[in-house]
Amino acid sequence: MADVSSPSAHPTYPGLTIGMTVRRGDSEWLAKYNRNYLNVFAQFGVQSVILSPDQPAVTPDGTQYVPDHLGRLDPAVLDHLDGIVFSGGGDVDPRYFNAPLAGAEPEHIDHARDELELGLARAALIRDMPIFGICRGCQVLNVAAGGGMRQHLDRHRSDPDATRFHPVTIADLGLLYPIVQTDTISVNTFHHQGMDQATLAPALRAVAWADPDQWLIEAFDSPAHRWVLGVQWHPERLFELPISHQHIWVDFLNAALAFRRDLPAGLTRAVAA
């Protein structure tokens, strides 16, 4: 693809601490399934805190938070973070949005991860800290905010050995358009679930839609929060995407830096200058 992101063409954020939720916290799992996120954090000079249902979360000052028997972490762990990323993965159990199983894949449901992420998502929204939800993480945010899910859809899951791409149409409003400065971008696609307007949480606002499936919401934000963005694609795979996806990370990290400095919402794009 043309105009693919260059890892050297961005600011760095030494001292910034970002939490990331994952299904498992052991090094083998992280290296296999979460390396692209960790590579992004490394490129931007960000310190990451792994938030998993099976391993203690260790903050930069050495404080440890141990998951309970359901996989949940004490929301106080968020007090050590400048922002949080909800990463991609399997399906959210439909019971969390009061629906029967109707397309979600039982073998890809992990209740401990659901408990971990839904609890942290609600706590992060209350704190008004910067939140970036990616693929499953986008869906988790929607459920945490009171939304639901279209449990299965066709043509949006890439084959394991061949990434699919498609355009998304971006509304000239909200958080995403000022970042990417265009009404259409190309995205990768790895999901088989998603949201339409009927299943989007009332407090959230759709800001991008799939092309040609214009009913399918590809990104949302929250007008009531300083920086909340959910996207159905995988912007951590910067090696295969246009540079506009790198700009999303920069804006998120600027918002996290503003949050750390306790600056008012709306000043995020200037703080890294």
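Visitor: How many helices and strands are there in the protein?
Guide: Helices (H or I, at least four residues) and strands (E, at least two) are DSSP runs, numbered from the N terminus, and in this protein there are 6 helices and 11 strands. This is a predicted model, in which local features need pLDDT of at least 70, side-chain atom pairs count only at pLDDT 80 or more, and totals for chains, interfaces and linings use all residues. Residues are numbered from 1 along each chain as its sequence is written, and side-chain values use heavy atoms, with hydrogens and water left out.

Visitor: Why does the span of helix α3 agree with its 17 residues?
Guide: The expected span of a helix is 1.5 Å times one less than its number of residues. Helix α3, residues 111–127, should therefore span 24 Å, and its end C-alpha atoms are 24 Å apart.

Visitor: What follows α3?
Guide: Aspartate 128 comes after α3, and its phi is positive, near 55 degrees.

Visitor: Which residues of α4 are buried?
Guide: Buried means under 20% relative accessible area, exposed over 50%, and partly exposed in between, with a 1.4 Å probe and protein chains only. In α4 the buried residues include Arg136, Cys138 and Leu141; because 9 of the 9 residues are buried, α4 is largely enclosed by the rest of the structure.

Visitor: What covers the buried residues of α4?
Guide: Contact means heavy atoms within 4.5 Å, and the cover of the buried residues of α4 includes β5, α3, β6, β10 (217–221) and β11. Just after α4, glycine 146 has a positive phi of about 105 degrees.
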